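Here is a short report on one protein model.

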Amino acid sequence: MRLSPRAALMSLALLLAPLPAFAENVAVSIDNFTFTPAEVTVTAGAKITWTNNDDIPHTVVDADNPKTTKSPPLDTGESYSRVFDKPGTYHYFCSLHPHMQGTVVVR
Ligand SMILES: [Cu+2]
């Protein structure tokens with residue numbers, strides 16, 4: 001079958017159109033009293049997993065209300081995940097060491 005130039009262009013446009021959003025998985029490491037990366041930008045629906053790679057327990061808790069993100073103390077090697085469905089900027093911290101802070105930007 002031969003496509004007209006216009007049809008060919010439209011097919012190309014369809015091919016190049018953004019793929020439907022599917023869930024992103026983003027990892028944040030906790031090490032040496034630091035969330036790394038300290039700020040992540042994701043699309044709505046992304047799942048973020050924090051893993052404690054430090055020698056002491058840490059938590060991941062929303063700095064703002066409501067505290068949708070509220071992990072138990074994570075021991076070394078333990079993880080906590082949350083799906084971010086709604087666009088916004090979410091600040092979080094470690095409730096055991098409040099100077100440890102991070103941000104999730106959901107687009
Ligand atoms: Cu901590």
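## Overall picture

Among contacts between residues at least 6 apart in sequence, 49% join residues at least 24 apart in this protein. The model is a predicted one.

The protein has 1 helix and 8 strands. Read from the N terminus, the order of elements is α-β-β-β-β-β-β-β-β. Of the 107 residues, 32% are buried. The accessible surface is about 6900 Å², and carbon and sulfur atoms account for 60% of that surface.

## The open sheet

An open sheet is built from 4 strands, in the order β3-β8-β7-β5, with mixed pairing. Strands β3 (39-42) and β5 (61-62) are at the edges; each has a single partner strand, so one side of each has no neighbour in the sheet.

In general, the strands of a sheet pair through backbone hydrogen bonds, and the pairing is either parallel or antiparallel. Here, β3 and β8 (residues 97-106) run parallel and are joined by 4 bridges. T41 has V105 in β8 as its bridge partner.

## A charged pair

How many salt bridges does the structure hold? There is 1 salt bridge. It is formed by the side chains of R82 and D62, with an N to O distance of 3.8 Å. R82 lies in strand β6 (residues 79-84) and D62 lies in strand β5, so the pair links distant parts of the chain, 20 residues apart.

Are the two partners buried or exposed? The cut-off for buried is under 20% relative accessible area. R82 has a relative accessibility of 13% and therefore counts as buried. D62 has a relative accessibility of 5%, so D62 counts as buried too.

## The copper site

Which residues coordinate the copper ion? The donors are H58 through ND1, C94 through SG and H97 through ND1, at 1.9 to 2.2 Å. Along the chain, the donors of the copper ion follow the spacing H-x35-C-x2-H.

Two of these residues can be judged by the cut-off used above, under 20% relative accessible area. C94 has a relative accessibility of 0%, so C94 counts as buried. H97 has a relative accessible area of 18%, so H97 is buried as well. H97 is listed among the copper donors, and strand β8 covers residues 97-106.

Key
Residues numbered from 1 in each chain as written. Predicted model: local features only at pLDDT ≥ 70, side-chain atom pairs only at ≥ 80, totals over all residues. Heavy atoms only, no water. Pairing = 2+ DSSP bridges. Helix = DSSP H or I, 4+ residues; strand = E, 2+ residues; numbered from the N terminus. Salt bridge = Lys/Arg side-chain N within 4 Å of Asp/Glu carboxyl O. Buried < 20%, exposed > 50% of the residue type's maximum accessible area, 1.4 Å probe, protein only. Donors = N, O, S within 2.8 Å, 3.2 Å for Na, K, Ca; no water. Contact = heavy atoms within 4.5 Å. Areas by Shrake-Rupley, 256 points an atom, 1.4 Å probe, with all protein chains shown as cover.
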